[in-house]
Amino acid sequence: MINQTIKEKVKAYMPEMKALSDWMYEHPELGDEEYEIYNRLVEKLKIEGFQVEEQYLGIPTCFRAEYDSGKPGRTVAYLSEYDALPDIGHGCGHNLICVSGLTAALVTKALIHEVGGKVVLLGTPAEETNGAKVDMADKGTFDNIDVAIMTHPGNQNFATVGSLAMLAIEFTFKGQTAHAAASPEKGINALDAVINTFNNLNAFREHMPSDGRIHGIITEGGVAANIVPDRAVAQFYVRANEKETVEYLKNRLINCAKGASLGAGTEMSINYYEKAYDNFKTNKKLTEVYYENAKAFGLEDISFERSRSGSLDAGNVSHVVPTIHSIFKLSSEELISHSREFASATLSDYAFESMEKTVCAMVKTGYDILASEGLLSLIK
Ligand SMILES: [Zn+2]
Ligand SMILES: [Zn+2]
């Protein structure tokens, strides 16, 4: 009975959400610059009767929207992302994440008077770079929330993701410019320090824990071939299954850079240029609830857990509150995430039909928590 009601209510929102998601595809905004979609979401939520805290935690495109049934009960939060990627737009499909969270919050609001409690929608900017969820997890956003629920498009249906812990580290080397041919002996070459950092790292790779991933680029490496570079910069991401391994790999990478800097005669400084992400922690009981709901709404081919790959700021959330981060199948073809093809697929009917079923499962899972205190204590 409730499943039929959820189905109908979710379906009714689909044309509006398709229009919004397609508009986002046409107007991609980078992390922490998602002003247009932020304004649209805040306006919509206010019209729907949500109490909206704008520029939440001092982040310009972050919000917390709450709808209170006025009856005592539990609190369920849905999460929306809306940042795009440079050059390829919504190649990670965050336009679909945005509208799935929004629809789930609106439909839960429509059902909440029966069961009591509150529904929250969190607008979480900059997942691809400086994840606002990290601040949210650190600053107590989830202290009054019982479960957090979101989804992400991908190649297959999964009830939960595995994700890697990650940190972002940047090395800047300072040397001395000189004429590269007339007085090379007066120069100190900062680019050498960068190149040797990569060489030291590549030698270390043979001995790295097998789940480790270190990948980097050179962001500055000199300005002209006849000037000895006095400044060179390299950025790396370090990832592994657990935070402790990331810490170990980071220290080894720093030693690679220190050795390279000493050899080149440069000075080195370190900058953590983005926030560190935790691995994703699966709550088994909550995921079972979602998994059964997903099957009931027609996602029969859903698998329980995706093997670990990539990193998510939802990882940090999962360490402070039971969290669902499901994956739904975007296309009948296998697509590469962070590609233009992936972005185009977010426009398809296939993607929307798959998302519609997923949103039903998100709503039903939230509804189950709101309706049963016993279930929540099992989850916790
Ligand atoms: Zn991405
Ligand atoms: Zn993503």
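Helix H1 bends by about 40° at Met14, and a proline, Pro15, follows within four residues. The bend at a residue is the angle between axes fitted to the seven residues ending there and the seven starting there. Helices here are DSSP runs of H or I with at least four residues, strands are runs of E with at least two, and both are numbered from the N terminus.

This is a predicted model, in which local features need pLDDT of at least 70 and side-chain atom pairs count only at pLDDT 80 or more, while totals for chains, interfaces and linings use all residues; side-chain values use heavy atoms, with hydrogens and water left out. Residues are numbered from 1 along each chain as its sequence is written, and chains are lettered from A and ligands numbered from 1 in the order in which they are written.

Back to H1: it covers residues 2-26, 25 residues in total, and reaches 36 Å from its first C-alpha to its last, close to the 36 Å expected at 1.5 Å a residue. That expected span is 1.5 Å times one less than the number of residues. Its buried residues include Ile6, Val10, Tyr13, Met14, Met17 and Trp23, so Met14 is both the bend point and a buried residue, where buried means under 20% relative accessible area, exposed over 50% and partly exposed in between (1.4 Å probe, protein chains only). The cover over these residues includes helix H2 (35-47), helix H3 (94-115) and helix H10 (349-371); contact here means heavy atoms within 4.5 Å.

**The zinc pair**

Now for the metals. Donors are N, O and S atoms within 2.8 Å of the metal (3.2 Å for Na, K and Ca); water is not among the atoms, so sites may look incomplete.

| Ion | Protein donors | Distance | Spacing in sequence |
|---|---|---|---|
| zinc ion (ligand 1) | Cys92 (SG), Glu128 (OE), Glu128 (OE), His338 (NE2) | 2.0 to 2.7 Å | C-x35-E-x209-H |
| zinc ion (ligand 2) | Cys92 (SG), His94 (NE2), His152 (NE2) | 2.1 to 2.3 Å | C-x1-H-x57-H |

What do the two ions share? They sit 3.2 Å apart, and Cys92 coordinates both.

Around the zinc ion (ligand 1), the four donor atoms subtend angles of 52 to 147°, which makes the arrangement irregular. For reference, four donors count as tetrahedral if all angles lie between 85 and 135 degrees; four count as square planar and six as octahedral if opposite donors are over 155 degrees apart and all others between 65 and 115; anything else is irregular. This site links distant parts of the chain: Glu128 is in the loop between strand S4 (118-123) and helix H4 (132-138), and His338, 210 residues away, is in the loop between strand S12 (323-329) and helix H9 (340-345). His338 is partly exposed, at 38% relative accessibility.

The zinc ion (ligand 2) is held by Cys92, His94 and His152. Its two histidines also come from distant parts of the chain, with His94 in helix H3 and His152 in strand S5 (residues 147-154), 58 residues apart. Both of these histidines are buried.

**Cores and packing**

A nonpolar core is a set of buried Ala, Val, Leu, Ile, Met, Phe, Trp, Tyr and Cys residues joined through side-chain atoms within 4.5 Å. The largest one has 65 residues, and those with the most contacts inside it are Phe50, Phe63 and Tyr78. Not counting residues up to four places away in sequence, Phe50 touches Leu45, Ala65, Glu66, Tyr67, Ala105, Leu106, Lys109 and Val119. Apart from that core lies another, of 25 residues, among them Phe171, Phe236, Val238 and Ala240.

Helix H7 (residues 284-296) has buried residues including Leu286, Val289, Tyr290 and Tyr291. They pack against S5, strand S6 (158-162), strand S11 (303-308), S12, H10 and helix H11 (373-379).

Most residues other than glycine have a negative phi. Asp32, however, has a phi near 65°; Asp32 lies in the loop between H1 and H2 and is partly exposed, at 28% relative accessible area. Leu57 has a positive phi of about 60°, in the loop between strand S1 (51-53) and strand S2 (63-68), and is partly exposed at 27%.
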